[in-house]
Amino acid sequence: QVQLVESGGGLVQVGGSLRLSCTASGRTFSTYNMGWFRQAPGKEREFVAAIAWTGTITMYADSVKGRFTISRDNAEKTVYLQMNSLKPEDTAVFYCAAVGGGQGLLRDPARYSYWGQGTQVTVSS
């Protein structure tokens, strides 16, 4: 069992940066692949980025590639999402999620086993 808590969201101007954190409880965090997703009002939850349990393999949605960076610190049981050059279309609730490490890096939110409560990111123009 893994419990996830996101933090770091907020209001930022276009072109600004934010770093989201997702801290896990439980002893097996290092065995899970982690993902970040987002959901804007009236839209489906969409994949943003994922990172393998080793921290050495990452995957990004095309819309954030080159602007966002996912990383993790297994000793701190935390996964991060550094977001730079933010755009108004990045406005959404951001969620972190966990799935067993043997499943590979996944874009489908239905494949993830554990979810945080979400943190709001608002990019103002």
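1. In which strand does Ser-21 lie? Ser-21 belongs to strand E3, which covers residues 18-25. Keep in mind that this is a predicted model.

2. Ser-21 counts as buried, because its relative accessibility is 14% and the cut-off for buried is under 20%. Look past the neighbours within four places in sequence. Ser-21 then touches Val-5, Glu-6, Ser-7, Trp-36, Thr-78, Val-79 and Tyr-80.

3. Next, the rings. The structure has six aromatic pairs. One of them joins Tyr-32 and Tyr-114. This pair is edge-to-face, with 5.9 Å from centre to centre and 80° between the planes. Tyr-32 sits in strand E4 (residues 32-39) and Tyr-114 in strand E10 (residues 114-115), so the pair ties together parts 82 residues apart in sequence. Tyr-32 and Tyr-114 are both buried.

4. Phe-37 and Phe-47 also form an edge-to-face pair.

5. Phe-37 and Phe-47 belong to a cluster.

6. Finally, a charge. Over which rings does the charged end of Arg-45 sit? One is the ring of Tyr-95, with the charged end 3.8 Å from its centre. Another is the ring of Trp-115, where the distance to the centre is 4.7 Å.

Note on methods. Residues numbered from 1 in each chain as written. Predicted model: local features only at pLDDT ≥ 70, side-chain atom pairs only at ≥ 80, totals over all residues. Heavy atoms only, no water. Helix = DSSP H or I, 4+ residues; strand = E, 2+ residues; numbered from the N terminus. Buried < 20%, exposed > 50% of the residue type's maximum accessible area, 1.4 Å probe, protein only. Contact = heavy atoms within 4.5 Å. Phe/Tyr/Trp six-rings, centres within 6.5 Å; stacked < 30°, edge-to-face > 60°. Lys NZ or Arg CZ within 6 Å of the ring centre and 35° of its normal.
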